[in-house]
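Visitor: I would like a close look at one part of this chain, and then at how the rest is put together around it.

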Amino acid sequence: MSDERTYLELSEEGGGSHKFYEVIVRGKQVDIRYGRIGDAGQSQSKSYASPAEAQKEAQKAIQGKLKKGYAQAVQGVRKKRSVTERPVATSRAAAAGTTRAPVLWRYDSGDRAFGVFVDDELCWVGDDDGQISALDHDGKVVRRMKVPEGVMSLVRDDQWLYCGCQDGKVYDLSGAQPFEAYEISEDVNILWLDIHDGSLAVSSNDGQVTVLDHDCDKLWAKKSFNHGGWMVRCDGAGIYHGHADGITAYDWSGKKLWAKKTEGSVLFGWQEDTEVYAGTTSDHVEVFTKAGVQGRRYKCDDSVFSCAAAPGGKYVFAGDNASSVYCFDRAGTRLWKLDTTCGSALSMQYHADKLYIVTGDGAFACIDVSEAAIAQAREGKVPDLKLVKAERSVQVATVGQALPQAAAGATGVLVECIEEGGKVRVRPLSPGFDKDFNVQFPRDIRTPGTRYLVDGLELSGSGGFYRVRGQIRLAPTAAGEAAGPVVAKTAAKKVAKAAPAKKTAKKVRA
């Protein structure tokens, strides 16, 4: 029996969607491949009880795509579109005589880097080539991942870590391998993103902020200004969007709360509990309360590419386009200016007396900013630099790796993927969970009719849906399925705690 192949494409004018979807039926097996036109894409395979059942499921998948606007096409006729990269002003060397920063270690990722995230356990970096590395605080590479396109940002939402990429997708890095968590319209060029309680806010180069819910349904989109939009930060109260004209705040329904002009365009943003910080082209870090009241302005010597703050705003840090980093006290006094020795910091984060920066040269550097280290640096005494190299023994986890099969008797929470109203959803099956609630689940492994075993489910802070904790495995085979619905005690205990509800927005048509 020969293979039966169906190849579809969805390509919209003006920079919209540019995707393909291919279905191949091989007897009882259905192979599906999808992605951006011109790329290899991602693949899924599933076997069925008979060729007839395989044909039925293949036609269901094809008809679903045709309803969304896909059409029959010939592979190779349409060419791959170029991806718009995040614009960055020219970086210069630090001014002669600038004190060298006390850099403890430096890891060269290999390409320009925007993404950085640091917590008590690991230090993460993501670069323009889609390479993601996690180092311990001594500078040893302990984890590596690869995503299809360049990393534009790394953000944490509670215990979940995400990266936004040039392919218009957001990947969940919380498990052993990266999964596709959100897919944004291809006409939205990600410059930065933030996530709060599963809701995603994305800023783009056309001055727009786009908001999606936990299941990737579009809530709303607003244009704050006619261009620019590097900064977006969000919390339970709303979204703070920095653009070429200043900062605009919205609540979660999309209502504008306030808008404030800044001196110069906003290039980067940071937030603490009650304040937002904006680095600008006018050489300042400008501070606003989350109610929109102008605070202090911190003066640097060049355009501010990045900024950060110590908890509560005790110290304010900035990185300029002349390879220098600054520290100010809360009152606005400049405490120091240092030469990074490895390029201009495109992103930064402060953690436990260390300033972590990623640069246009692809460097990920850890700078000791304790008072003792800075005093030593002013005297020309800096520590010996540790140059970190990737450990070849650390395996690179990639998107699209096969899911492991749970062993018979494995404990966890059983969930099932279903098709409902033309959309693919995931719902809990194990006792003790509301079976009408959706589960926030990776988009690239959703296959209707398939069951999965997850380590645990946690009710979202706003209620109404569950989030996966820990690893995802295929559910045990029929012989062992009886063990699947067992809920691990730790998972059940965690789910019992629900945070106060957050107001949710009404969904709008994309």
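In strand 36, which residue is the bridge partner of K146?

Guide: The bridge partner of K146 in strand 36 is T398. This is a predicted model, in which local features need pLDDT of at least 70 and side-chain atom pairs count only at pLDDT 80 or more, while totals for chains, interfaces and linings use all residues. Residues are numbered from 1 along each chain as its sequence is written, and side-chain values use heavy atoms, with hydrogens and water left out.

Strand 11 (residues 141-146) has pairing of two kinds. With strand 36 (residues 396-398) it runs parallel, joined by 3 bridges. With strand 10 (residues 131-135) it is antiparallel, over 5 bridges, and S133 has R144 as its bridge partner there. Strands count as paired if DSSP finds at least two bridges between them. Strands 10 and 11 make a hairpin with 5 residues between them, and G139 in the turn has a positive phi of about 90°.

These strands belong to a chain with 3 helices and 41 strands; both are DSSP runs numbered from the N terminus, helices being H or I with at least four residues and strands E with at least two. Of the 510 residues, 56% count as buried, where buried means under 20% relative accessible area, exposed over 50% and partly exposed in between, with a 1.4 Å probe and protein chains only.

The interior is described next. A nonpolar core is a set of buried Ala, Val, Leu, Ile, Met, Phe, Trp, Tyr and Cys residues joined through side-chain atoms within 4.5 Å. The largest one has 67 residues, and those with the most contacts inside it are L200, I239, F317, L355 and I357. Leaving aside neighbours within four places in sequence, I239 touches residues including A201, V209, W220, R233 and Y250. A second, separate core of 17 residues includes F433, Y452, V454 and L457.

Aromatic rings come next. Rings of Phe, Tyr and Trp (its six-membered ring) pair if their centres lie within 6.5 Å; planes under 30 degrees apart are stacked, over 60 edge-to-face, and the rest tilted. The whole structure has 17 such pairs. Y356 and F364 form a tilted one, 6.5 Å centre to centre with 45° between the planes; Y356 is buried at 1% relative accessible area and F364 at 0%. F433 and Y466 are edge-to-face, at 5.4 Å and 85°. F433 lies in the loop between strand 38 (423-428) and strand 39 (438-440) and Y466 in strand 41 (residues 465-474), so the pair ties together parts 33 residues apart in sequence. F433 is buried at 8%, and Y466 at 4%. Y315, F317, W336 and Y350 form one aromatic cluster.

The cysteines remain. With a disulfide taken as two cysteine sulfur atoms within 2.5 Å, the count is 0. C163 is in none, the nearest cysteine sulfur, that of C165, being 3.8 Å away; C163 is buried at 0% relative accessible area. The sulfur of C307 is 9.2 Å from the closest cysteine sulfur, in C300, too far for a bond, and C307 is likewise buried, at 0%.

How values were computed:
Contact means heavy atoms within 4.5 Å.
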